[in-house]
Amino acid sequence: MNTNQIEGLTGMGAVLAILVLLALPSLLGIVRERRIDRQIREAQERGGSKAAQKSSSRSTVPSTATWYADGRRSKKLVSS
């Protein structure tokens with residue numbers, strides 16, 4: 001091997017290393033999302049009816065953003 005070939009291999013190795021460093025976080029995120037989706041699916045299969053009963057028995061209180069949006073809508077209806 002001569003110097004030009006070694007420089008070419010070093011450059012390709014550096015580009016591949018950068019590509020791996022850029023792609024690695026996305027690949028890890030995809031793997032994590034799939035694991036979470038699988039856990040959610042398994043939890044729904046195991047006890048889906050119990051979770052639905054707990055969430056429906058809880059009282060729903062509108063958030064501050066909902067109150068603000070309702071107030072803005074009523075003001076628009078009155079002014080027009």
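Residues are numbered from 1 along each chain as its sequence is written, and side-chain values use heavy atoms, without hydrogens and water. Because the model is predicted, local features need pLDDT of at least 70 and side-chain atom pairs count only at pLDDT 80 or more, whereas totals for chains, interfaces and linings use all residues.

The chain contains 2 helices and 0 strands (DSSP runs numbered from the N terminus: H or I of at least four residues for helices, E of at least two for strands). Of its 80 residues, 0% count as buried (under 20% relative accessible area; over 50% is exposed and in between is partly exposed, with a 1.4 Å probe and protein chains only). The accessible surface is about 7600 Å², and carbon and sulfur atoms contribute 62% of it (Shrake-Rupley method, 1.4 Å probe; for residues, only the protein chains shown count as cover).

Met-1, Ile-6, Leu-9 and Met-12 make a nonpolar surface patch of about 450 Å². Leu-9 belongs to helix 1, residues 3-57, and is partly exposed at a relative accessible area of 44%.

Arg-32, Arg-35, Arg-38 and Arg-41 form a positive surface patch. Arg-32 also lies in helix 1 and is partly exposed, its relative accessible area being 47%.

Note on methods: Patches are made of residues with over 30% relative accessible area and no salt bridge: like charges are joined within 9 Å, nonpolar side chains (Val, Leu, Ile, Met, Phe, Trp, Tyr) within 5 Å. A salt bridge is a side-chain nitrogen of Lys or Arg within 4 Å of a carboxyl oxygen of Asp or Glu. Lys and Arg count as positive and Asp and Glu as negative; His and the chain ends are not counted. The place of a charge is taken as NZ of Lys, CZ of Arg, CG of Asp or CD of Glu.
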